[in-house]
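Student: I have a protein model open on my screen. Can we work through it together, one question at a time?

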Amino acid sequence: MVDFNRPPNLTFQEMLITALCVVETVWSERNSTVHAQTRSPTHKVLLNVNNKIRDHLKVAANDVVEFCEWRPPPESWLCCNCDISFDEGGVVLATVVRDGKGNIVTIKTERNLTTNPLIGEGLAVCMAGELMLEMRVKQVLFQSDNMVVATDLSTEPGKDTHFKLTNISKRFHQLCLQFTSWGIGHVNRKCNYMAHNVAKWAKETRTIGLTKSSKVDPTVLTDYLEWRKHAG
């Protein structure tokens with residue numbers, strides 16, 4: 001019956017992914033409204049749904065490396081998880097750097113005036129790349145929970161790159177020329193909360209620059225739970 005009513009230009013997998021993304025987003029928004037008493041603007045909810053659908057479809061098509069859980073990088077490598085958080089003044093870029101044992105090496109946050117999420121996510125990865133060069137790191141893995149950024153920065157600049165990421169891709173690849181080995185992959189948002197939380201925490205506390213993990217609220221530094229300022 002379901003397949004009989006399915007539009008001819010939509011596969012069953014696409015229909016299922018779309019339905020799941022809509023339900024997940026609506027449920028998340030419901031929880032925010034009921035428990036946190038915050039409500040997102042309608043256009044942001046729709047944007048979130050569309051981004052989820054796009055990301056899940058790309059993963060289903062094996063278009064990019066997908067990290068379903070955070071794992072330490074190989075020995076002698078570092079891993080930079082990147083994310084952003086917006087406010088009325090622009091965006092806070094964040095990266096959490098960890099070693100092969102999962103220890104936090106350093107944390108960096110930076111402000112930028114962009115109001116575009118895609119550009120912000122790309123800038124966060126570039127910031128991480130610049131930090132790795134400053135630290136004279138030779139082997140590094142970058143992770144972003146934005147599928148477009150992870151996909152476009154993993155390929156040669158200009159080759160099917162989103163137009164908003166053209167200059168960022170060129171900048172990122174110029175940085176990577178100085179590494180002995182590097183890689184970039186997509187990590188599910190649910191496994192990238194540490195970077196996401198750090199960006200939110202830095203925005204709330206107005207913390208910019210390099211930060212030691214000991215200076216950060218311990219509830220922020222988790223990969224699997226979203227930090228809420230007034231939780232508990």
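Tutor: Gladly. Keep in mind that this is a predicted model. Ask away.

Student: What share of the residues counts as buried?

Tutor: Buried means under 20% relative accessible area. The protein has 232 residues. The share of them that counts as buried is 41%.

Student: How do strand 2 and strand 3 run, parallel or antiparallel?

Tutor: A hairpin of two residues joins strand 2 to strand 3. Nine bridges link the pair. In one of these pairings, Cys79 has Arg98 of strand 3 as its bridge partner. The two strands run antiparallel.

Student: Which residue of strand 4 is the bridge partner of Thr95?

Tutor: Strand 3 and strand 4 run antiparallel, with eight bridges between them. Their hairpin has five residues between the strands, and Gly102 there takes a positive phi near 85°. The partner of Thr95 in strand 4 is Lys108.

Student: How many of the nine residues of strand 3 are buried?

Tutor: Strand 3 is bridged to strand 2 and also to strand 4. It is largely enclosed by the rest of the structure, because its buried residues number nine of nine.

Student: What about strand 5 and strand 6? How many bridges join them?

Tutor: Strand 5 covers residues 139–144, and it runs parallel to strand 6. Ser144 has His186 of strand 6 as its bridge partner. Strand 6 is mostly covered, with five of its seven residues buried. The number of bridges between strand 5 and strand 6 is six.

Student: Now helix 6. How far apart are its end C-alpha atoms?

Tutor: Start from what to expect. Helix 6 has 13 residues, 193–205, and at 1.5 Å a residue it should span 18 Å. The span counts one less than the number of residues. The model agrees with that, since the end C-alpha atoms are apart by 17 Å.

Student: Which strands do the buried residues of helix 6 pack against?

Tutor: Helix 6 is mostly covered, with 10 of its 13 residues buried. Among the buried ones are Tyr193, His196 and Trp201. The buried residues pack against strand 2, strand 3, strand 4 and strand 7.

Student: Which residue takes a positive phi just after helix 6?

Tutor: Helix 6 covers residues 193–205. Look just past that stretch. The phi there is positive, about 55°, and the residue is Arg206.

Student: Is Leu225 buried or exposed?

Tutor: Leu225 lies in the segment after strand 7. The cut-off for exposed is over 50%. Its relative accessibility is 59%, so Leu225 counts as exposed.

Student: Which residues does Leu225 touch, leaving out those up to four places away in sequence?

Tutor: First, look at where the chain brings Leu225. Its C-alpha atom is separated by 9.0 Å from that of Asn192, 33 residues apart along the chain. Tyr193 and Asn197 are buried residues of helix 6. Leu225 touches both of these, Tyr193 and Asn197.

Terms used: Residues are numbered from 1 along each chain as its sequence is written. This is a predicted model: local features need pLDDT of at least 70, side-chain atom pairs count only at pLDDT 80 or more; totals for chains, interfaces and linings use all residues. Side-chain values use heavy atoms; hydrogens and water are left out. Helices (H or I, at least four residues) and strands (E, at least two) are DSSP runs, numbered from the N terminus. Buried means under 20% relative accessible area, exposed over 50%, partly exposed in between (1.4 Å probe, protein chains only). Contact means heavy atoms within 4.5 Å. Two strands pair if DSSP finds at least two bridges between them.
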